[in-house]
Amino acid sequence: MTTSFERYQKRRLISSYFSVVISISLVLFLLGMLGLLVLNTKKVADHFKEQIALTVYLKDNAKEVEIEQLKKSLAMAEYTKSTTYVSKEEAAEAHSEEIGEDFMEFLGYNPLQNSIDVYMNADYVSSEQVDKIAADLIAKNFVDEVVYDKPLIALLNDNVKKISFWVLIASGVFTFIAVLLINSSIRLAVYSKRFIIKTMQMVGATKGFIRRPFIWQSVKLGLIGAILAMIGMAAVLYYLNNSFTELDLLGDVKMLAILFSGIFLLGIIITWLSTFFATSRFLNLKTDELYY
């Protein structure tokens, strides 16, 4: 009979530990994925900003040496990520393919111009800075026109600010919820042993002596939960990096190391604090209050 009861208690204990580990790992996994979102919000926004081109149209009488000098100066400019020179012949060929017919046969000449597409670094993609760059380029006497999508740039920057704000708010809320969920799981595990805590206290054990095994056990569960969460994060991150190679999610090793270390430490700190306060609560209760 005693052996059967002990087996039942052991199964119950293992089930309780399993539930705590799963709760911790799921919460830390979601928190880690949110951290990845927060840290990569700027990278994603920068990726879209750098797809916006500023097109410099050149006059037909522009000299070859002037065009070459402009191409070199643009390539060396601090605001430039990349440049592409498009001759009027290439532009005409691309336009003909797009509309499905050779428009030059109808017109009898090529009305398009030589141009340079300038893709800028994300930090320079703002209405004010692009306006200044465009003004400097249009001042050159062989530049006919500078064209870019100003409304799109303004809209993109506004949306990035809004998204960043709400992601930070969501991060704070989810962090608070994560702490509450892990704390609840730990409190339930300690609650099931409240009578053991009170018995140890009644035979003269100090509060520190009673807390120590509970805290150590919870920290071990927190470590296991954090490791499982990090494995899940690594798998998702690997998949996303292969699916969206242009974002280079694995490129910033230092950032990823800080994030994974933060999740690992969070698993330890939250379980330690939760267990400390949970055991303190039951240590301070009177014997009659344990039944409520």
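Two strands count as paired if DSSP finds at least two bridges between them. Helices (H or I, at least four residues) and strands (E, at least two) are themselves DSSP runs, numbered from the N terminus. With that in hand, let us walk through the structure above.

This is a predicted model, in which local features need pLDDT of at least 70 and side-chain atom pairs count only at pLDDT 80 or more, while totals for chains, interfaces and linings use all residues. Residues are numbered from 1 along each chain as its sequence is written, and side-chain values use heavy atoms, with hydrogens and water left out.

**The sheet and its helices**

Four strands make an open sheet, ordered E2-E3-E1-E4, with antiparallel pairing. At the edges are strand E2 (80-86) and strand E4 (143-147), each of which pairs on one side only. From one strand to the next, the twist averages 20°; angles run from 0 to 180 degrees between N-to-C directions, and axes are lines fitted to C-alpha atoms, for helices over the stretch in contact. As a reminder, strands of a sheet pair through backbone hydrogen bonds, either parallel or antiparallel.

Strand E1 (residues 53-58) is joined to E3 by five bridges and to E4 by four bridges. Here are some of the facing residues:

| Residue | Bridge partner | Strand of partner |
|---|---|---|
| Ala 53 | Tyr 119 | E3 |
| Leu 58 | Val 143 | E4 |

Which helices lie across these strands? Helix H2 (residues 64-76) lies across E1, E2, strand E3 (115-120) and E4, and runs at about 155° to E2. Helix H5 (residues 127-138) lies across E1, E3 and E4, at about 170° to E4.

**The chain as a whole**

The chain has nine helices and four strands. Read from the N terminus, its elements run α-β-α-β-α-α-β-α-β-α-α-α-α. Of the 292 residues, 36% count as buried, where buried means under 20% relative accessible area, exposed over 50%, and partly exposed in between (1.4 Å probe, protein chains only). Contact means heavy atoms within 4.5 Å. Among contacts between residues at least 6 apart in sequence, 82% join residues at least 24 apart.

**Two residues to look up**

Is Ser 218 buried or exposed? Ser 218, found in helix H8, is buried because its relative accessible area is 7%. Leaving aside residues up to four places away in sequence, Ser 218 touches Ile 186, Thr 271 and Thr 275.

Glu 90 lies in helix H3 (residues 88-99). With a relative accessible area of 43%, Glu 90 is partly exposed. Glu 90 and Gln 113 are 23 residues apart in sequence, and their C-alpha atoms are 9.9 Å apart in space.

**The second largest pocket**

A pocket is found on a 1 Å grid over the protein atoms alone: it is an open set of points where a 1.4 Å probe fits, with protein on both sides within 12 Å along at least five of seven lines, and lining residues have an atom within 4 Å of a point. The second largest pocket holds about 200 Å³ of space, a volume being the space filled by probe spheres set on the points, which are joined across faces, edges and corners.

Ten residues line this pocket, and Leu 36, Leu 37, Asn 40, Leu 240 and Leu 249 lie nearest its centre. Helix H1 (2-49) and helix H8 (207-243) each supply at least two lining residues, with the largest share, five residues, coming from H1.
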